[in-house]
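Hi everyone, thanks for coming. Let me put today's structure up on the screen, and then we can walk through it together.

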Amino acid sequence: MNWNTHLKAQSTRATQLYHNLLKIAGKSWGVPLIHRRILYKTVTERVLAHGAVAWCREPTVRIARKLSTIQRPFLLAISGTYRTTSTAALQVILGIPPLHLQLQREARGTALFRLRLPLSTNISDIDPSEIEEKATGWSTHPSEHLSPTQISLDDGGNINAGLRIYTDGSKTERGVGAAFCVLTDVNITHRWSTRLSLRNTVFQAEILALLKAVEHAVSLPTQQLTILVDNKASINSAANPKSHNSIARKIFKLLHSHPHIRVSWIKAHAGYIGNEEADRLAKEAAETENFPETPLELPKSFIKTFLRQKMLATWQMAWDDGDTGRLIHNIIPKVSLHPINWTRNEVLFFTGHGPFPSFLHRFNLAETSFCSCGEIGTPIHYATVCLLTTSYHMAPPSQQHQPIWFRRVANNSTSRRKIHNLLHFLQRETSLFRPDPNYMFFFVPSIVFSVESNAFVPFPHSWPTFY
C-alpha cells in the first residue's frame, strides 16, 4: 500500500514513451522543440497522471524523487542538451514544472471538483460545497426555444421605445459588483446593485445582473420591455438551453415563459445614459466594503487559478533555494509555465554545459581545459576575447559584472542570434579549438599599445608570454 508497484509500472511506461520520442527527435534533428514539448504535455504527462488523485495529493519525498527521475530523460530529449545539465534549470527554461508538483496540482483539482474532498487546512480553507457545479442536459424540452426576436447580438443603442433595463458587472482590486437600472424615457426610475466576493468573476457579476433584471421585468405589468446588456458572453449563455451555468438556465426559463421580454446587446461606454449609470452602480458596489453582499458559488476558474498559483509558489521556493542551475537562476530568477524559447545552442551557452574545453575537461572528456588560443575555453571566453571567434565577439564585461552581462545577452534577441551562430561554429570546427597536448602554444606579440604614451611600444618580455 505504498504505491511502489504503481510507480514502477509508470516508470516502465514512461521509458517506452521516451524511446518513441527519441525516434523522431534527436539532439540536432527531428521535430522542433515546441512540438516535443507539446507531445510531452499532451501524451507523456497524461499517461503519468493516471490515478494521481489517489497517490499524489500529498506526495512524499520518495515519490517526488522517483517522478523527477522519470521526468529528467524527457527534459533532455526536448531540449537536446548534454545529460549533465541541471534538471531544475531545464524545467525553468522549458516552462515545465517538476512532475510531482504538476500531478499534485491536478490531484487537488480532481479532489475538489469531482470528489468534493476538502484540501488540508494549511493549503486552503475552500469548502468543496461552495464550488460551482456544472449543470448537464437540457434545461427544458429540446423542442422549446426562445423566439428569434427575444435575443439579439446587434447593437441595440437605437432602441428608444418602451421600458429599458441596463445591466452591468464590474471587478476591481477591492471587489466585484453587479447592477441594473430601469430607464423610462430619459428618467431612471429604479436602481439595483449588489457586491460579490473578490473570488467571483466578472462573468458571474454580468450573468447575475441579467438574472435580477429579468426577475424585475417579470414583476412589472406586461408591456414592451428591452434588457440591454454590454456583455455578449452572458447573452449567449442565457440563450443556450444546454448551458452549464445554473444562473443562465434560470434566465432561459424566465425568458421562455415571458416572450414579451427582449434581450439585446449594447456597446459599452458609448454614451448611453442607462449603461453609464449601471456601470457606476456596479463599480460603487465593488469598491464599498460594507455594501450588501450576495453569496455566489466559487467559479472553477478561481479554483484553477488558486491551485496554479500555489504550485508556482512552491516551485519558486524550490528554485530559489536549490543548489543546481545557479547560472540559469541568475538569468531567469522567476519560474513560469511559459517556455523561454531558446534554441538548443543558446541553452548550451547559458548553462555552460556545451562544447567548451572548460566543461569537457571537468568531466574528463578533454585532456585540457585550455582553448587553442592559450586561454581557458569558457563560454564567455569564446563570446568576447578568443582570437579564433572574432566574428562573433561582444563587448567583454569585467569580472564582477559577468552575471549582468549574461542577463543582458539573454534578453537581447540580436545577441542571442550571435550566440547561436557562435555555438554552431564551435560544433562545426571542433578540432580548431582543441589544442594538441603534446605542444605548448606561445603567443608573443612584437608590439603592444601603451595607454600611458598613447602609442605602440615594443612588447615587454617581463610579462607572461603563455597561459
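Leaving aside its neighbours within four places in sequence, which residues is Q10 in contact with? Before I answer, a word on what we are looking at: this is a predicted model, where local features need pLDDT of at least 70, side-chain atom pairs count only at pLDDT 80 or more, and totals for chains, interfaces and linings use all residues. Residues are numbered from 1 along each chain as its sequence is written, and side-chain values use heavy atoms, with hydrogens and water left out.

So, Q10: beyond those sequence neighbours, Q10 touches V47, L48 and H50, where contact means heavy atoms within 4.5 Å. Q10 sits in helix α1, residues 4-22. Helices here are DSSP runs of H or I with at least four residues, strands are runs of E with at least two, and both are numbered from the N terminus. With 3% relative accessibility, Q10 counts as buried; the cut-offs are under 20% relative accessible area for buried, over 50% for exposed and partly exposed in between, using a 1.4 Å probe and protein chains only.

Let's step back to the domains, whose bounds come from an automatic or database domain assignment. Domain 1 is 3-128 + 308-323, domain 2 is 151-297 and domain 3 is 344-432. The centres of domain 2 and domain 3, taken over C-alpha atoms, are 61 Å apart.

Now for the sheet. Six strands form an open sheet with mixed pairing, in the order β1-β6-β5-β2-β3-β4; strands pair if DSSP finds at least two bridges between them. At the edges, β1 (151-152) and β4 (187-196) each pair on one side only.

Look at β5, residues 225-229: five of its five residues are buried, so this strand is largely enclosed by the rest of the structure. L225, I227 and V229 are on one side, T226 and L228 on the other. β5 pairs in the parallel sense with β2 (residues 163-171) over five bridges, and T167 has V229 as its bridge partner. Parallel pairing over five bridges also links β5 to β6, residues 261-265, where T226 is partnered by R262.

Last stop: how do α13 and α17 meet? The axes of α13 (residues 344-351) and α17 (residues 413-428) come within 8 Å and cross at roughly 90 degrees. Axes are lines fitted to C-alpha atoms, for helices over the stretch in contact, and angles run from 0 to 180 degrees between N-to-C directions. The residues of this contact divide into five nonpolar, four polar and four charged; Ala, Val, Leu, Ile, Met, Phe, Trp, Tyr, Cys and Pro count as nonpolar, Asp, Glu, Lys and Arg as charged, and the others, Gly among them, as polar.
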